[in-house]
Amino acid sequence: MNLQSLTLSEQRELIKSKQISISDLAAACYRQIERLNPTLNAFITVIPPTDEEPQGKGHLMGIPVAVKDLYDTKGIRTTGGSKFFSDYIPTEDAFVVEKIKDSGGLIIGKTNTHEIALGVTNNNPHFGACLNPWDTTRTPGGSSGGSAVAVATGMASAAIGTDTGGSIRIPAALCGVVGLKPTYGRISLRGVLPLSWNLDHAGPITNRVEDAAIMLQVMGGYDSGDPSSFKTLPGDFSSHMRDSIRDRKVGFAVGHFVDEVTDPEIISAVRKAADVFADQGAIVTEIETEFLREAALANSVMAQADGAAFHRERLEEHPDWFGADVRQRLETGAGFSSGEYALARRTQLEVRRRCDLLFEEYDALILPTTPITAPVLKGENAVERARLLTRLTAPFNLTGLPALSLPCGFNSEGLPIGLQIVSRAWNESGVLRMGYAYQASTEWHKMRPGIAASNEVN
């Protein structure tokens, strides 16, 4: 049977019923890694197979999970995609890694990332470029590109990433998989290399919406060791996911902010997605979202300034150890005045209030995840690409709202298109319900790159 045709729940049930073993499932992923990683470079570090059974019991019993190389993994190097941390061996696991292990997940490797997560091309000067499995001349997106590629090709059943301006959702969209950025504070960031203390989010990348719900269930929870972690009631993100969306009010983002830079094929695909929601009884209304323009700009200021603050000593002592695009963005961040940063924070408050008012009227907002499909990797200005690819995702880092990307079609070149669904704070259940309703009425999530074929569980 093909691994990617199975949900995480189905994989777990096959293990519980002894139709397959944990080692069978892991072996299928390791075969894909051996076959594809030399070309796609999704992993910086592959954790060798072991005969030991996972210690934890839970939702992920025996499920192979790939971890972005920003998360601390005890005894396994965590590079951050950076020369500075190339030999760093953590003595403790990140909070999320602990949760995955406690749930029985099998950590299969550490995935490639744009250097220090400050970029969206995943063209890493220290560990090599990660390539898009749909077209290896193109970027998979970033900074969680390796995690998206691993899931899209069956090198892992699920993966985790981080998202500061779109770094989970962008590679999910460009690689044709599902990426979830939860509400800020829903998932602990303890043990994750920071880029921006104000904007960083942890989240899952999966093949299906229901798999993202399971991963969120595992990853979430209050952590007293993380000052950004919020105390919330335990959530069951799967139980109501299949509920009807009839009479749900959906805002369809239109106007210059979206349209002026978005490929017409992408706009067409998202418009068709809006029709799918309407066919299921949702009330879809076009709404102007020009106010998000300032949010995208403010997010860029804060991400670069916060990154420059965290890496200030490294930037002063060894600027040449950073790749050219990352160094440029850090130097830009260091050059922002306190007034510019204060204005960005003011914009953050204002846009949060605008979104609060929006979601008093609407249950969800839909828009493209990215304005373009995967661009070519070489010969492109990485800084300019970051501005464009994060345009439609970054506002929801600034506001901290839950946002889901899932496949909604392909362009004329056969490249995946992502649909983004956003809702009010702490309404991950609503976002997942909308995503599942769309997924259940379409076939896009079943499409996989040809390079990923032959991922069979024996």
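Me: Which residue stands opposite Lys 181 in E12?
Reply: In this predicted model, Lys 181 stands opposite Ala 403 in E12. The two strands concerned, E7 and E12, pair in the antiparallel sense over three bridges.

Me: How many bridges join E12 to E13?
Reply: Seven bridges join these two strands, E12 and E13, and they run antiparallel. Among the pairs, Phe 410 has Pro 416 in E13 as its bridge partner. E12 and E13 form a hairpin with five residues between them. In the turn, Gly 414 has a positive phi of about 80 degrees.

Me: Is E12 enclosed or exposed, and why?
Reply: Seven of the eight residues of E12 are buried, so the strand is largely enclosed by the rest of the structure.

Me: What about E7 and E8, in which sense do they pair?
Reply: Strand E7 (residues 178-181) pairs with strand E8 (residues 201-206) in the antiparallel sense, over two bridges. Val 178 stands opposite Thr 206 in E8.

Me: What is the strand order of the open sheet?
Reply: The open sheet has eleven strands in the order E1-E3-E2-E6-E8-E7-E12-E13-E11-E9-E10, and its pairing is mixed. Its edge strands are E1 (43-46) and E10 (283-288), each of which pairs on one side only. Neighbouring strands of this sheet are turned by 30 degrees against each other on average, with direction ignored.

Me: Which strands does helix H12 lie across?
Reply: Helix H12 (residues 338-361) lies across E9 (249-254), E10, E11 (364-368) and E13 (416-422), and runs at about 110 degrees to E11. Helix H15 (residues 428-440) also packs on the sheet, where it touches E7, E9, E11, E12 (403-410) and E13. The direction of H15 makes about 15 degrees with that of E12.

Me: Switching to Arg 186: where is it, and is it buried or exposed?
Reply: Arg 186 is in the loop between E7 and E8. With a relative accessible area of 8%, it is buried, because the cut-off for that class is under 20%.

Me: Which side chain does the side chain of Arg 186 join in a polar contact?
Reply: The side chains of Arg 186 and Glu 428 are joined by a polar contact of 2.7 Å. The side chain of Arg 186 also reaches the backbone oxygen of Trp 426, at 3.2 Å. Leaving aside neighbours within four places in sequence, the residues in contact with Arg 186 include Leu 216, Thr 232, Leu 233 and Phe 237.

Me: Now the helices. At what angle do H3 and H6 cross?
Reply: The axes of H3 (residues 95-102) and H6 (residues 209-219) come within 8 Å and cross at roughly 110 degrees. The two helices, H3 and H6, are therefore roughly perpendicular to each other. Phe 95, Val 96, Lys 99 and Ile 100 of H3 make the contact with Met 215, Val 218 and Met 219 of H6. By class, this contact has six nonpolar residues, no polar residues and one charged residue.

Me: Which residues does the cis peptide bond join?
Reply: The cis peptide bond joins Gly 142 and Ser 143, with omega at about 10 degrees. Ser 143 is found in the loop between E5 (128-129) and H4 (145-152).

Me: And Lys 18 and Ala 117, which of the classes buried or exposed applies to each?
Reply: Lys 18 counts as exposed at 74% relative accessibility, and Ala 117 counts as buried at 5%. Although it is not a glycine, Lys 18 has a positive phi of about 65 degrees. Ala 117, also not a glycine, has a positive phi of about 70 degrees.

Methods: Residues are numbered from 1 along each chain as its sequence is written. Side-chain values use heavy atoms; hydrogens and water are left out. Two strands pair if DSSP finds at least two bridges between them. Helices (H or I, at least four residues) and strands (E, at least two) are DSSP runs, numbered from the N terminus. Axes are lines fitted to C-alpha atoms, for helices over the stretch in contact, and angles run from 0 to 180 degrees between N-to-C directions. Contact means heavy atoms within 4.5 Å. Buried means under 20% relative accessible area, exposed over 50%, partly exposed in between (1.4 Å probe, protein chains only). A polar contact is a pair of N or O atoms within 3.5 Å; within protein, one must be able to donate a hydrogen and the other to accept it, and residues adjacent in sequence count only if both atoms are side-chain atoms. Angles under 35 degrees count as roughly parallel, over 145 as roughly antiparallel, 65 to 115 as roughly perpendicular and the rest as oblique. Ala, Val, Leu, Ile, Met, Phe, Trp, Tyr, Cys and Pro count as nonpolar, Asp, Glu, Lys and Arg as charged, and the others, Gly among them, as polar.
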